[in-house]
Amino acid sequence: MIRFDTVTVEYDGRPIIRDISFHIPKGDAAVIHGRSGSGKTTILTTIVGMHVPSAGTVFFNGRAVDSTTISEVRRSVAFIGQEPVLGAQRIREALLLPFTYRANRNATPEETMIGEILHKLRLEDDILDRETAVVSGGEKQRVAIARALLLGKKVFLLDEVTSALDAESKQAVIRLFREEGHTIFPYPTIPTGSSSAPRSSESRREP
Amino acid sequence: MCRIHPVRPNEEEQVTNTIDISYLSLAAFLGLILVPVLAGAVLKLGITKRVLIGVLRMTVQMAVLGLYLDYLFRFNHIAVNFGWALLMIFIANITVNRSAGLKTSKIFFSVMAGIFVGSLTVIALFVFLAIQPKPFYDARYLIPVTGMVVGNCMRANVISLERFYSSVKKNEKTFLTYLLLGASLREAALPSIREAVKPALAPTLSTMATLGLVSLPGMMTGQILGGASPITAIKYQIAIMIAIFTAITLSTVINLLIGLRVSFNEYHMLRKDIFR
């Protein structure tokens, strides 16, 4: 599904990640360990083409990520950051924002489907009419996840996502991904002793 | 389209219409600058040097411009007139690049195209259709109108380009989010384009709304001093405002749309090498 082949990404001539190689099969989950500032986020954002590697190749679904395949990658992959950008005034508009774009215009979801996904993520129905500026970080993350699910995304890149979630919401998010059989990367850190510990292929970055 | 009938006094009439200022009087009047200089010194504003350099630059630039325009008006040749108009656009382009913090080598042609198309379309409509001077390239109409339109385009484009690129650069994550939600490059850039065009149009928009309430607009003042009737001066003023507003809208939008093609990489992310 996602493969890095000796990938180096530079910024202002300095490498942020160097010679990274790993492979995550479809439907799998993986964790990246590393100190803060060691390039974890860069690995994730490189998958979705925020950076062009100065060396090496990123593969997605067996094809090298380049200008011709990047739109396919972006169609299938969701990137959920610590404080996701919702891009609208109210939650409902934020959830429907992608469907104002030409590419998704014919796929606008039914109200019942939105309600179902919100419920699975333990979000109340009345959140739809709340302003995005006043919802908590954890709610923002779940709204962003809900939006990605409405778009039918298959791969989820989670950048310290569950840090803002309480234990219960965390379980809800993890259960949902598990049910749908999505590829999750990196797998959310979960409380020790939990039954749903990640069976992860692990990628460690050279310090 | 309404036609504006040019007032075309012959040369002698024009001279008698406006009282010339003698060089001696002008030189004496320049002495008035001592008042702000002294005030600055008393208040320790620290602007004396800048005031003196400013006055000197203004005087020299105006002298050169006066000589050049005098020659231009006498000669009134089609190639020279249009060459001068192009030179104005060229200089405006360099100023825009520099003031907006962008590398001239990267976006020179896109900015040139924006200002060129935006201003020349409007100038052509204004001068060739509304005023209809004979000959159509008459320097007396072409040069001042081009100067005003291009000057305003320059100011507007500095604002719009600076705002657009700093907005995209600052909100890189937001931009990526839009792309990941299925937005095309143009759809992802639209919020930043809005954020950039609005402040570029705002000054002209508020000027239009309050025109004539506070002060007499520059072009109108000039024409009245030049001996034109206030009615003629008003028609010109309204037309030039419409011309300026249309030209800055066209040029800023064209510039940003072409900018999408040259300033983003193959992954639709902003290229860092366009900044100075």
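Reader: I am new to this structure and would like to begin with the strands. In what order do the strands of the open sheet in chain A lie?

Author: Welcome! The open sheet has 4 strands in the order E2-E1-E4-E5 of chain A, and their pairing is antiparallel. Strand E2 (14-24) and strand E5 (63-64) of chain A stand at the edges with a single partner strand each, so one side of each has no neighbour in the sheet. Please keep in mind that this is a predicted model.

Reader: How do I follow the pairing from strand to strand? How many bridges join E1(A) and E2(A)?

Author: Now to the pairs themselves. Strand E1 (residues 2-11) of chain A pairs with E2(A) in the antiparallel sense over 7 bridges. Within that pair, A:Val7 has A:Ile20 of E2(A) as its bridge partner.

Reader: And how many bridges join E1(A) to strand E4 of chain A?

Author: There are 5 bridges between E1(A) and strand E4 (residues 55-60) of chain A, and the two run antiparallel. Here A:Ile2 stands opposite A:Phe60 in E4(A).

Reader: Which residue takes a positive phi in the hairpin of E4(A) and E5(A)?

Author: That is A:Asn61, with a phi near 55 degrees; the hairpin has 2 residues between the strands.

Reader: Let me step back to chain A as a whole. How many helices and strands does chain A have?

Author: Chain A has 6 helices and 9 strands. Of its 207 residues, 37% are buried.

Reader: Where do the nonpolar residues gather, and which have the most contacts inside the largest nonpolar core?

Author: The general idea is that in soluble globular proteins, nonpolar side chains tend to be buried together. In this model the largest nonpolar core has 110 residues, and A:Ile80, A:Leu157 and B:Val149 have the most contacts inside it. Helix H7 (residues 139-170) of chain B gives the largest share of this core, 17 residues. Take A:Leu157 as a case: leaving aside neighbours within four places in sequence, its contacts include A:Leu44, A:Ile47, A:Val77, A:Ile80 and A:Phe185.

Reader: Now for the opposite case. Is A:Asp125 buried or exposed?

Author: A:Asp125 counts as exposed because it has 11 C-beta neighbours inside 10 Å, and the cut-off for exposed is 12 or fewer. You will find A:Asp125 in the loop between helix H4 (111-120) and helix H5 (137-150) of chain A. Beyond its neighbours within four places in sequence, A:Asp125 is in contact with A:Gly115 and A:Leu118. The C-alpha atoms of A:Asp125 and A:Gly115 are separated by 6.5 Å, and the two residues are 10 apart along the chain.

Reader: How do the two chains meet? How many residues of chain A are in contact with chain B?

Author: On the side of chain A there are 21 residues, in contact with 16 residues of chain B. Helix H2 (70-76) and strand E6 (77-80) of chain A each supply at least two residues of the chain A side. By class, that side divides into 13 nonpolar, 5 polar and 3 charged residues.

Reader: Into which domains is chain B divided?

Author: Chain B is divided into domain 1 (22-75) and domain 2 (78-274). Their contact takes 4 residues from domain 1 of chain B and 6 residues from domain 2 of chain B. The domain 1 side has 4 nonpolar, no polar and no charged residues. Taken over C-alpha atoms, the centres of the two domains are separated by 28 Å.

Reader: Last, where is confidence lowest in chain A?

Author: In chain A, confidence is lowest in strand E9 (residues 200-204), at a mean of 40, and highest in helix H3 (residues 91-96), at 96. Over residues 189-207 of chain A the pLDDT is below 50. Chain A averages a pLDDT of 84, while chain B averages 90. In chain B, pLDDT stays under 50 over residues 7-15. For the complex, the predictor gives an ipTM of 0.86 and a pTM of 0.83.

Definitions and conventions. Residues numbered from 1 in each chain as written. Chains lettered and ligands numbered in written order. Predicted model: local features only at pLDDT ≥ 70, side-chain atom pairs only at ≥ 80, totals over all residues. Pairing = 2+ DSSP bridges. Domains from an automatic or database assignment. Contact = placed C-beta atoms within 7 Å. Nonpolar A, V, L, I, M, F, W, Y, C, P; charged D, E, K, R; others polar. Buried ≥ 20, exposed ≤ 12 C-beta atoms within 10 Å, placed from the backbone. pLDDT = per-residue confidence, 0-100. Core = buried A, V, L, I, M, F, W, Y, C linked by C-beta atoms within 7 Å.
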